[in-house]
Amino acid sequence: MRIHSERGFTLIELLIITIIVGVLGTLVAVTYSGVKVKNRNAARQLDIDTIQSQLETYYAQYTKYPSLVELNNASWRKSNLKDLPGDSIQDPSWSKKISDCTVKGTVTLAAKPAAKCYSYQATTTDGSACTAANVTCTQYTLTATLEGKGDKYVKSSLN
């Protein structure tokens, strides 16, 4: 009589362990990507809130809002919206390839809502677009497109 001692795992045991590890890995990957999306959306909302705060401070001082041209000028922003961090107008998913909010490789605010861009639509009292620097802008709408369901985060002027 031979006594045969078996050591190690059977093929079925190895297959079950592989499946369990695969399922767990998939769950971790899906959860991690969901957390990243939530973080980017929270950053978008914070950026829009920060821009709105700076625009309202500017309005309190000058009784008008800046035009899109002014707001897209980095030196104008630096001298007139001193507490606005430079990266606040850049969507977390922005890239130089996005034509809606890129000029010469630099991020700008888009004239209308677009994915991976923040938009700024300033208007005059009669509702016409306020794009030139010499026009008095009386209201605005800031928009960020959120990831996921395609919802938008919108803030408007307070006056």
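Helices (H or I, at least four residues) and strands (E, at least two) are DSSP runs, numbered from the N terminus. The views below show a predicted model, in which local features need pLDDT of at least 70 and side-chain atom pairs count only at pLDDT 80 or more, while totals for chains, interfaces and linings use all residues. Residues are numbered from 1 along each chain as its sequence is written, and side-chain values use heavy atoms, with hydrogens and water left out.

**View 1. Helix 1 from end to end.** Helix 1 covers residues 11-62, and its 52 residues should span 76 Å at 1.5 Å a residue, which agrees with the 76 Å that separates its end C-alpha atoms; the expected span is 1.5 Å times one less than the number of residues. After the helix comes T63, whose phi is positive, near 50°.

**View 2. The buried residues of helix 1.** A residue is called buried under 20% relative accessible area, exposed over 50%, and partly exposed in between, with a 1.4 Å probe and protein chains only. By that rule N41, R44, D47, I48, I51, Q52, Q54, L55, E56 and Y58 are the buried residues of helix 1. They pack against helix 2 (68-71), helix 3 (74-80), strand 3 (118-123), strand 4 (139-145) and strand 5 (152-156), where contact means heavy atoms within 4.5 Å. An α-helix has 3.6 residues a turn, so residues three or four places apart point the same way.

View 3. Q54 lies in helix 1 and is buried, with a relative accessible area of 10%. Leaving aside neighbours within four places in sequence, Q54 is in contact with L81, K82, D83 and L84. I51, with residues up to four places away in sequence not counted, touches L84, S88, I89, Y118 and L142.

View 4. Two strands pair if DSSP finds at least two bridges between them. The open sheet has 3 strands in the order 3-4-5, with antiparallel pairing. Strand 3 and strand 5 stand at the edges, each with a single partner strand, so one side of each is left without a neighbour in the sheet. The twist averages 15° from one strand to the next. Helix 1 packs on this sheet, touching strand 3, strand 4 and strand 5, and its direction makes about 165° with that of strand 4; axes are lines fitted to C-alpha atoms, for helices over the stretch in contact, and angles run from 0 to 180 degrees between N-to-C directions.

**View 5. The strand pairs in detail.** Strand 3 and strand 4 run antiparallel and are joined by 6 bridges, with T123 opposite Q139 in strand 4. Strand 3 is mostly covered, since 5 of its 6 residues are buried. Strand 4 and strand 5 also pair in the antiparallel sense, over 5 bridges, and T145 stands opposite K152 in strand 5. These two strands form a hairpin with 6 residues between them, and G148 in the turn has a positive phi of about 110°.

View 6. Rings of Phe, Tyr and Trp (its six-membered ring) pair if their centres lie within 6.5 Å, and planes under 30 degrees apart count as stacked, over 60 as edge-to-face and the rest as tilted. The count comes to 5 aromatic pairs. Y59 and Y65 form a stacked pair, 4.5 Å centre to centre with 20° between the planes. The rings of Y65 and Y140 have their centres 4.7 Å apart and their planes at 80°, so this pair is edge-to-face. Y65 lies in the loop between helix 1 and helix 2 and Y140 in strand 4, so the pair ties together parts that are 75 residues apart in sequence. Y65 is buried at 0% relative accessibility and Y140 is buried at 2%, whereas Y59 is partly exposed at 24%. Ring pairs link Y59, Y65, Y120 and Y140 into a cluster.
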